Amino acid sequence: MKTKKLLTLALAAGCFTAAGALAQTVKVGVVLPFTGVGAEFGQQVDRGIQMFMKLNPGAFGPYQVQIVKRDSKNPSGAEAKTAVQELIAQDNVDILTGFIYSPDAIASAPLVTAAKKPMVIMNAGTAWITNLSPMISRVSFSMWHAGHAMGEAAAKSLRAKTAVVGYTDYPPGKDSLDAFKRGFEGAGGKVVDAIPMGGPGQVPDFTPFFQRAKDKKPDVFFVFVPAGDHAVGVMKTYTALGMREAGIKLVGPGDITQDIKLQAMGDSAVGLITAHHYNADLDNPANKRLVAAWKQEYGANAVPDFMGVQGYDGMAAIAHVVRTLNGRIDADKAMAALKGWKYADSPRGPIMIDPQTRDIVMNEYLSELVKVGGRLVQKNIGVIPAVKDMCKELKEGKCAQ
Amino acid sequence: MDLVSILLGGLAAGMVLFIVSVGLSVTMGLMGFVNLAHGAFAMLGGYVIVYSMRHWGLAFGAALLLGFAAVAALAVVLERTLYARLYRATELDQVLFTIGLVFVLIALVTLAVGPESQRVVLPAWLDGQTDLGFIKYRTYSLALIAAGTLLMLALWLGFERTRIGAKIRAAVDNRRMAESVGVDVGLLFTLTFALGSGLAAVGGGLGAEILGLDPQYPLRYLTYFLIAVAVGGLGRVTGVFFAALLIGVLDFTLKIYFPKGGTMFIYALTLVFLLARPQGIFGKAGA
Amino acid sequence: MSRPVQTAVQELAARHRLRWWEALPWVAGLAAYFLFPGYLAFGTQVLVTILFALSLDLVLGYAGIVTLGHAAFFGAGAYTVGMLAAHWGWSEPLTGLLAAALVAGAVGLASGWVLLRTHGLTLLMLTLCTMALLEQAANMFSGLTGGFDGMPGLAFKPILGLFEFDVLYFRSQYLYALAVLFACFILVRLLVYSPFGRSLTGIRENLLRMHAVGAPVRARQVLAYAISAALAGVAGAVFVHATGYVNLAVLGLERAAGVLIILILGGHGRLYGAFVGAIVYMVLEHTLSKAYPTAWQLGLGLALMLVALYARNGLLGLAEDLRRRWSAR
């Protein structure tokens, strides 16, 4: 009796797969934290994916896309690796994407190399990740994109001579420090102090670190903290210590002004200058459309942020691959299709995948926070076009592979 | 950086720790119950406070009271229906139960409200800086210090000078003896649990400005609550008070002078302290 | 079988109190290899966790020491193997296991000697702080350890020079983990039924009496702690061999608390509690999170609460109660 049931099930499953093959279904495995500390970010990227599918129904041509979601739970890499292994071995996905945390992407690299599956990274920002496997491409960012750009801008546009850097003590923080330093000192400035400010796990009380920075009296205080609640703490401490009145400008990568946290910062954030590849106030038609659709779908208080846009653009990249390869995903051809792929309709402006490094090339926007009609709004004060990941360009440290 | 600023900053941080942890110390000391879900009550309180302020326009003070009452009521229900069944169980089973409860509460909050962290909008009189004459300091930190001290005094008076307080202290020191003298220990348990959880709720709301507020709160800060309780001595309000302040000030100071050390200092200091004095600051020796 | 061999086998079985169903876990483990070839990566994680939980059972279930910091030893073993491979080019797996056991055991010996003077909540917090300190140290020396991002791409030589590590399907990793688990289990079982193991049970059940009988209580506790630490280190080493990657999470509270929950769930002090707990918890978590990526914690939490409320010592305790009730009819 049981064997008969098993056989029927197997037959049904077989029919489904066969039918699937006929309809050219492309299976995409999405590995994101849906629970745990990263749940917020996972939700943003997931929404970005859904938004792309909603706003571009014809993007995949006649081909069906089936999304298989897996929870990567915590930033240890081990869960993501198991999820990726099963997506490859059990679910037979064609493409892997997602990956908020760098350890998740790093741990999965050997798997995708061995299995030959293209992996499109939608967040993980450690610079040398793209060197780990020829199957990896990235549509998000590396810490160097914003850090280096901000460093140069601080020296040139803001005419700062001295800077203190505060950073959360883990690889993206150190990357940011190195990137800013390179850009700033390369343009004639001098970094007088670098202050590690606790780990990424909990939001520390920033007061002691900021007090130390204040005592050094720099022109500019560059702060990197992970996106999320850290940024709110940064803003409050900056105001609470009266650093603006002391003439110290607060600058940083856009991680500290993540759009979903922006309104929580209150008036204390006015005047903050950041460099990033996206903010929700960018003025281009694709972004206006995205913001409107986002609010309609997820509520008036919801807003896309850089992670949401990365999810959006990641799906655009995958759609390009699916159409170019006519629904039959061959790993090498997929990578060839991704290298040099240009997308002019991204909400963050024109983007491209660098054929040499498979990393993203995009605009960096210099923005200043202003208050308009009771809300905090990012005002654009400059654009640096087509920024590459300078870590790999300059072959710094671990990027020199 | 001048000493007064350091002291004030550390004290403020310590106060938040105290307000949330004092409930845990009393419940663990009195009931001998390992309630790892304590942080979840703080989180729930925080959410009630933030939401009532945002959606019902309650004033900060009124919201705090509501948070206290709501969570205390929930605590009574949970205590009578579930916790009471585990009083005779081993500590390990209590750990299993309360961790399970934390998972359930985190999941429920995430499903109901979403994983985003919640923003606290402080009333205008708590925002900005205050001029104390010799120094200008963040108003909210000063308010926290004042609130924490008042709370400690109120609790101390309550425990030392009232009849109920005496009964609770008796039950903490020797439950059997207290029972045989006619103290209704079951009722005391319920009251203390409600009080402890209500205080955690207030702490969650007050501390949200500094510690943040999102569904992961209960697990993220559990270690700190446990450290404050262990260093202070189980069931000792004054102990937890001084332990929390000590931790706050030391952590703050060391971060200024040795930022590279990060959170190492709290753990190292706790280690050294507990080895030297295992019963905590005011705990009974040989406990 | 000839008569002398037959009696020898019976003698062996009797002396070690081997029961027929003790072969089941290993048969099941091998069967899983053939029945679930697509899930071997997950299966390897389960095996590693079983070994880790087993090491914890030695101190918790048998010596009665409650610790929230056991991941300190798991991490010590994991980083030993990782650093040997990444910095000193030593990637032979079996000697790596030995090195991991030695390093983790040494850490256990040192910390046990200092910490086991205390007990209860104090001891719990001390073990937690020790583990947290190690985690912070690993972050501080990120040049050696890779810090938060860890050490990627660790490649290990084939086991015994013959069996290569299978990056994609984890076949050799699974069997390797199973073999190591088997060897360690035999060790633990022998230990537990030996006079040393009995004295541990005595210490757990009635500390005062053990002191009164003149048993070297502290020394026994520290020794048990050190052996348990060494085993946890082996689990950590197998973890790194299998996944080829190590980062700070191996020293994290999540791993330490997780293994404690698993052991309580399965039933402590019963040797097989580690098996039952790890398999039930991880399979439940795995299937729930695949079906409900956002809400699986709810189901898992409810399961834990139910077991705590209705089972006296985890699932094995529950099974014992049921069996007793059945045979009492």
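**Exercise 1. Which side chains meet in a salt bridge with an N to O distance of 2.9 Å?**

*Solution.* Start with the ground rules: this is a predicted model in which local features need pLDDT of at least 70 and side-chain atom pairs count only at pLDDT 80 or more, while totals for chains, interfaces and linings use all residues. Residues are numbered from 1 along each chain as its sequence is written, chains are lettered from A and ligands numbered from 1 in the order in which they are written, and side-chain values use heavy atoms, with hydrogens and water left out.

Step 1. Apply the rule for a salt bridge: a side-chain nitrogen of Lys or Arg within 4 Å of a carboxyl oxygen of Asp or Glu.

Step 2. Lys290(C) and Glu86(A) form such a pair, at 2.9 Å from N to O.

Step 3. The rule finds 2 salt bridges across the interface of chain C and chain A.

**Exercise 2. Describe the side of chain C that touches chain A.**

*Solution.* Step 1. Count the residues in contact (heavy atoms within 4.5 Å): chain C gives 28 and chain A gives 35.

Step 2. Turn to buried area, the accessible area (1.4 Å probe) that two parts lose on being put together, summed over both. Chain C and chain A bury about 2800 Å², with 61% from carbon and sulfur atoms. On the chain C side, Phe148(C), Asp149(C) and Leu168(C) lose the most area, together 24% of what that side buries.

Step 3. Look for polar contacts, meaning N or O atoms within 3.5 Å, where within protein one must be able to donate a hydrogen and the other to accept it, and residues adjacent in sequence count only if both atoms are side-chain atoms. The rule finds 12 residue pairs in polar contact here, both at pLDDT 80 or more.

Step 4. Assign the elements, where helices (H or I, at least four residues) and strands (E, at least two) are DSSP runs numbered from the N terminus. In chain C, α3 (40-62), α11 (217-243) and α13 (273-291) give two or more residues each, and α13(C) has the largest share, with 4 residues.

**Exercise 3. Work out how chain C meets chain B.**

*Solution.* Step 1. The contact takes 39 residues from chain C and 36 residues from chain B.

Step 2. The two chains bury about 3400 Å² between them, 80% of it on carbon and sulfur atoms. Leu121(C), Gln297(C) and Met305(C) supply 16% of the area that chain C buries against chain B, more than any other three residues.

Step 3. Between chain C and chain B there are 0 salt bridges, and 2 residue pairs are in polar contact.

Step 4. The elements of chain C that each supply at least two residues are α5 (93-115), α6 (120-140), α12 (253-266) and α14 (296-310). Of these, α6(C) gives the most, with 12 residues.

**Exercise 4. Is Pro304(A) buried or exposed?**

*Solution.* Step 1. Locate Pro304(A) in the loop between α10 (285-298) and α11 (306-324) of chain A.

Step 2. Recall the cut-offs: buried is under 20% relative accessible area, exposed over 50%, and partly exposed in between (1.4 Å probe, protein chains only). Pro304(A) is buried because its relative accessible area is 0%.

Step 3. Leaving out residues up to four places away in sequence, Pro304(A) touches several residues, including Gln44(A), Asp259(A), Tyr278(A) and Trp294(A).
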